[in-house]
Amino acid sequence: MPDVDESIEKPLYELISASQTLVPDSEDAMALHLREEGLTFHLSKDVPTLISKNIEDILIDAFRPLGISDWNSLFFITHPGGRAILDGVESKLDLNKDKMKESRYVLSEYGNLTGACVLFIMEEMRKRSVEEGKSTTGKGSDYGVLLGFGPGITVETVVLRSCPINS
């Protein structure tokens, strides 16, 4: 990795690509408004279904350049907008139960922190990777995905490569 002075810093993940997808027919499903009383949210009950219905096509597009289609070979840093969203993504992609472990932990400990929660999940994954003796910051997987969900519904997809853990 270029421009890294490992005597003072240690990279955790390498950003491979990033993309944004507006989920079809979802413009009224999630809204965020800044008002005098602060941020207010509008969430439709259809949000988990809209995300899970589209997530596999989004991942196919993101990972096609790497030739990856086995979702269980990846690590997942998934914005936990709620249990139903995590359950829907997990079910649609037929993921092993441990793939959303860090996202579920952050949701249970801190709640939905909006987009900032992915930083908490990245740190939790790094910490658990070290504790479990994994070879990479992605729990032993080389590649993974960071998924964020926002108004629109917009799905932010960041393809990551994990870094080796040097004991």
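1. D94 counts as exposed, because its relative accessibility is 61%. The model is a predicted one. D94 also has a positive phi, about 55°, although it is not a glycine. Its place is the loop between α2 (83-92) and α3 (101-110).

2. K139 is the other residue to check for backbone geometry. Its phi is positive too, about 60°, and K139 is not a glycine. Is K139 buried or exposed? K139 counts as buried, because its relative accessibility is 16% and the cut-off for buried is under 20%. D94, at 61%, counts as exposed. K139 sits in the loop between α4 (117-131) and β5.

3. G152 and I153 are joined by a cis peptide bond. Omega there is about 0°. I153 is found in the loop between β5 (143-150) and β6 (154-162).

4. Next, the aromatic rings. How many aromatic pairs does a search of the whole structure find? The search finds three. One of them is formed by Y13 and F75. The centres of the two rings are 5.6 Å apart, and the planes make an angle of 40°. That makes the pair tilted. Y13 lies in strand β1 (residues 13-22) and F75 in strand β4 (residues 75-78), so the pair ties together parts that are 62 residues apart in sequence. Both partners are out of solvent by the accessibility criterion: Y13 is buried, and F75 is buried.

5. A charge sits over a ring elsewhere. Which residue lies over the face of Y105? It is R128. The distance from the ring centre of Y105 is 4.9 Å.

6. The surface carries a nonpolar patch. L32, L34, L39, F41 and L43 form it. Together these residues have about 540 Å² of accessible area. Which of them gives the largest share? That is β3, with three residues. L43 is placed in strand β3.

7. For the backbone, look at the positive phi of D94, the positive phi of K139 and the cis bond between G152 and I153. For side chains, look at the tilted pair of Y13 and F75 and at R128 over Y105. For the surface, look at the nonpolar patch with L32, L34, L39, F41 and L43.

Notes
Residues numbered from 1 in each chain as written. Predicted model: local features only at pLDDT ≥ 70, side-chain atom pairs only at ≥ 80, totals over all residues. Heavy atoms only, no water. Phe/Tyr/Trp six-rings, centres within 6.5 Å; stacked < 30°, edge-to-face > 60°. Helix = DSSP H or I, 4+ residues; strand = E, 2+ residues; numbered from the N terminus. Buried < 20%, exposed > 50% of the residue type's maximum accessible area, 1.4 Å probe, protein only. Lys NZ or Arg CZ within 6 Å of the ring centre and 35° of its normal. Patch = residues over 30% accessible without salt bridge, like charges linked within 9 Å, V, L, I, M, F, W, Y side chains within 5 Å. Areas by Shrake-Rupley, 256 points an atom, 1.4 Å probe, with all protein chains shown as cover. Salt bridge = Lys/Arg side-chain N within 4 Å of Asp/Glu carboxyl O.
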